[in-house]
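Biologist: I have a model open and would like to go through it with you. Can we start with what sits inside?

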Amino acid sequence: MNSLVRATFGSRKNRKAAQKPPAKQIWSIGIYAGKSAVEFRPVENAVNPVLTRDSVTDAAASFVADPFMLRVEGCWYMFFEVMNKRSRKGEIGLATSEDALNWRYQQIVLAEPFHLSYPYVFEWDNSFYMIPESHKSKSVQLYRADDFPAAWSKIADVITGEEFVDASIFRRGDRWWLMADLASPPFYAGTLRLFSADDLIGPWHEHPESPVVGEDPHTARPGGRVVAFDDRLIRYTQDCSPIYGAKVWAFEITELTPVRYGERPLKGEPVLQAGDCLWNESGMHHIDAHKVENGRWLACVDGFHWE
């Protein structure tokens, strides 16, 4: 997530604010639930936001955002961006929960000389991996847990050479696939590139139809984990125009082969958008959805307000 993007509002409610641009976006994290992968609302018995900048105890945080979570042996682990005021860069924080509603902040688990965010965590072949956004390093970096959940080591640069943001990895069939946007102004979104590999470490090759989304800040930038739903493959995308991080849309990937790619909007309205509470009254831009018991879905999300 890029904390430097600034914009004005177009709605009547915010025209007055547009005369004096807000100083910054303050992001927090909430828990939503739904009956499907495209219908979510706040969990009634969760006190949202479940994590804020004030939750962080080992750093002076400007905000928290970009949450991803995993359930391991009955415990939920959430990884997210902590924007460190002192270092002025993102670092990866950890919180835990027994019920996914009440969260306890633990610690910063990953920090680098460059900005980190969007800690896409996943399990594969009895190991835990993370691909955090690291566009300032001009690479997409793969980390593996030495001791889950708190100790991580980089094991590969899977893609290099450009400022890729919010890389989202998934396995379909017998191949690995990775989508990433380019951090290009003014919206820091608009060009979605697609890569694939036989092996997680690589080598990775760009798809012949990449970029699969071009010059569209509304639909290009990934907005969370790619999920399977009713035999469909769903990618979430953050709408970054006219303001950064306004809402989240869902697209069904209709064709995915070594030579062909196709997708279509799955819903005529956003999966997430600005809510009624202070913490998310100005926009939402991220979702990590998980299917749980009784066919329900649970998701960690983020939202912001201007300060």
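Biologist: Which residues have the most contacts inside the largest nonpolar core?
Modeller: This is a predicted model, so take everything here as computed. The largest nonpolar core has 53 residues, and those with the most contacts inside it are Phe 79, Phe 122, Phe 148, Trp 152, Ile 169, Leu 178 and Trp 204.

Biologist: And which strand gives the largest share of this core?
Modeller: Strand S12, residues 175-182, with six residues.

Biologist: Take Phe 122. What is it in contact with, leaving aside neighbours within four places in sequence?
Modeller: Phe 122 is in contact with Leu 70, Ser 127, Phe 128, Tyr 129, Met 130, Ile 131, Leu 142, Ile 169, Trp 176, Leu 200 and Arg 225.

Biologist: What does Met 179 touch, beyond its close sequence neighbours?
Modeller: Leaving aside neighbours within four places in sequence, its contacts include Asp 166, Ala 167, Ser 168 and Phe 170. Leu 192, Arg 193, Leu 194, Pro 222, Arg 235, Ile 253 and Tyr 261 are also in contact with Met 179.

Biologist: How far apart in space are Met 179 and Ala 299?
Modeller: They are 21 Å apart, C-alpha to C-alpha, and 120 residues apart in sequence.

Biologist: Change of topic: aromatics. How many aromatic pairs are there in the whole structure?
Modeller: A search of the whole structure finds 18. One of them is Trp 27 with Tyr 244: the ring centres are 6.5 Å apart and the planes are at 75 degrees, so the pair is edge-to-face.

Biologist: Why does that pair tie together parts that are 217 residues apart in sequence?
Modeller: Because Trp 27 lies in strand S1 (residues 25-36), while Tyr 244 lies in the loop between strand S17 (232-239) and strand S18 (247-256).

Biologist: Are those two buried or exposed?
Modeller: Trp 27 counts as buried at 0% relative accessibility, and Tyr 244 is buried with a relative accessible area of 1%.

Biologist: What about the rings of Tyr 118 and Tyr 120?
Modeller: Their centres are 6.4 Å apart and their planes are at 50 degrees, so that pair is tilted. Tyr 118 and Tyr 120 are buried. They belong to one aromatic cluster together with Phe 68, Phe 122, Trp 124, Tyr 129 and Trp 176.

Biologist: Which charged end sits over the ring of Tyr 120?
Modeller: That of Arg 225, at 5.2 Å from the ring centre. The charged end of Arg 175 sits over the ring of Trp 177, 5.8 Å from the centre of that ring.

Biologist: Now prolines. Where are the cis peptide bonds?
Modeller: The bond from Asn 48 to Pro 49 is cis, with omega near 0 degrees. Pro 49 is in the loop between strand S2 (39-42) and strand S3 (61-72). A cis bond also joins Ser 241 and Pro 242, with omega about 10 degrees, and Pro 242 is in the loop between S17 and S18.

Biologist: Last one, the whole chain. How many helices and strands?
Modeller: One helix and 21 strands. Buried residues make up 59% of the 307 residues.

Biologist: And the radius of gyration?
Modeller: The chain has 18 Å, which agrees with the value near 19 Å that a compact globule of 307 residues would have. The C-alpha trace spans about 50 × 45 × 40 Å along its principal axes.

Terms used:
Residues are numbered from 1 along each chain as its sequence is written. This is a predicted model: local features need pLDDT of at least 70, side-chain atom pairs count only at pLDDT 80 or more; totals for chains, interfaces and linings use all residues. Side-chain values use heavy atoms; hydrogens and water are left out. Rings of Phe, Tyr and Trp (its six-membered ring) pair if their centres lie within 6.5 Å; planes under 30 degrees apart count as stacked, over 60 as edge-to-face and the rest as tilted. Helices (H or I, at least four residues) and strands (E, at least two) are DSSP runs, numbered from the N terminus. Buried means under 20% relative accessible area, exposed over 50%, partly exposed in between (1.4 Å probe, protein chains only). A charge sits over a ring if NZ of Lys or CZ of Arg is within 6 Å of the ring centre and within 35 degrees of the ring normal. A nonpolar core is a set of buried Ala, Val, Leu, Ile, Met, Phe, Trp, Tyr and Cys residues joined through side-chain atoms within 4.5 Å. Contact means heavy atoms within 4.5 Å. The radius of gyration is taken over C-alpha atoms; the globule rule is 2.2 Å times the number of residues to the power 0.38.
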